[in-house]
Amino acid sequence: GVCGACARTGQVQNVPDVDAFPGHIACSSSTKSELVLPVFNAKGQLLGVFDIDSDTPAAFTKADENWLVPLLAEIFRDAA
């Protein structure tokens with residue numbers, strides 16, 4: 001699904017329409033859009049992904065990505 005794609009590529013996945021995403025795995029039938037961000041430590045190691053779902057189509061913007069990516073980097077910089 002979307003989380004797996006994020007983990008495999010290390011790239012943000014901003015999906016405005018989850019029904020159009022090949023292999024989407026629905027956690028909830030009400031989810032319409034999804035934003036999944038990779039979480040890295042200061043060494044660049046992938047720790048996991050941060051997954052946000054919305055019942056609204058195209059709920060997430062590039063601006064959301066632009067503040068969430070550095071926030072996650074700050075929070076997890078000292079993680080093992």
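Leaving aside neighbours within four places in sequence, which residues is Val2 in contact with? In this predicted model, Val2 touches Gln13, Val15, Phe21, His24, Glu34 and Val36. Three of those names return in the core.

The largest nonpolar core has 7 residues. Val2 is one of them, and with it come Ala5, Cys6, Val15, Val18, Phe21 and Val36. Helix H1, residues 2-9, gives the most to this core, with 3 residues. In soluble globular proteins, nonpolar side chains tend to be buried together.

Leu47, Trp67, Leu71, Ile75 and Phe76 make a nonpolar surface patch of about 460 Å². Helix H2, residues 62-76, gives the most to that patch, with 4 residues. Phe76 lies in this helix. Phe76 counts as partly exposed because its relative accessibility is 31%. The patch takes residues with over 30% relative accessible area, so Phe76, at 31%, passes that cut-off.

Glu65 counts as buried, at 11% relative accessibility, whereas Lys62 counts as exposed, at 54%.

The structure holds 3 salt bridges. Next come those that involve Arg77. Arg77 pairs with Glu74, with the closest N and O atoms 2.8 Å apart. Arg77 also meets Asp78, at 3.6 Å from N to O. Arg77 is partly exposed, with a relative accessible area of 41%. Glu74 is partly exposed too, at 46% relative accessibility. Asp78 is exposed, with a relative accessible area of 67%.

What of the cysteines? The count comes to 0 disulfides. A disulfide needs the two sulfur atoms within 2.5 Å. Seen from Cys27, the closest cysteine sulfur is likewise the one in Cys3. Cys3 counts as partly exposed, at 27% relative accessibility. Cys27 counts as exposed, at 71%. Cys6, by contrast, belongs to the largest nonpolar core.

Methods. Residues are numbered from 1 along each chain as its sequence is written. This is a predicted model: local features need pLDDT of at least 70, side-chain atom pairs count only at pLDDT 80 or more; totals for chains, interfaces and linings use all residues. Side-chain values use heavy atoms; hydrogens and water are left out. Patches are made of residues with over 30% relative accessible area and no salt bridge: like charges are joined within 9 Å, nonpolar side chains (Val, Leu, Ile, Met, Phe, Trp, Tyr) within 5 Å. Accessible areas come from the Shrake-Rupley method with a 1.4 Å probe; for residues, only the protein chains shown count as cover. A salt bridge is a side-chain nitrogen of Lys or Arg within 4 Å of a carboxyl oxygen of Asp or Glu. Helices (H or I, at least four residues) and strands (E, at least two) are DSSP runs, numbered from the N terminus. Buried means under 20% relative accessible area, exposed over 50%, partly exposed in between (1.4 Å probe, protein chains only). A nonpolar core is a set of buried Ala, Val, Leu, Ile, Met, Phe, Trp, Tyr and Cys residues joined through side-chain atoms within 4.5 Å. Contact means heavy atoms within 4.5 Å.
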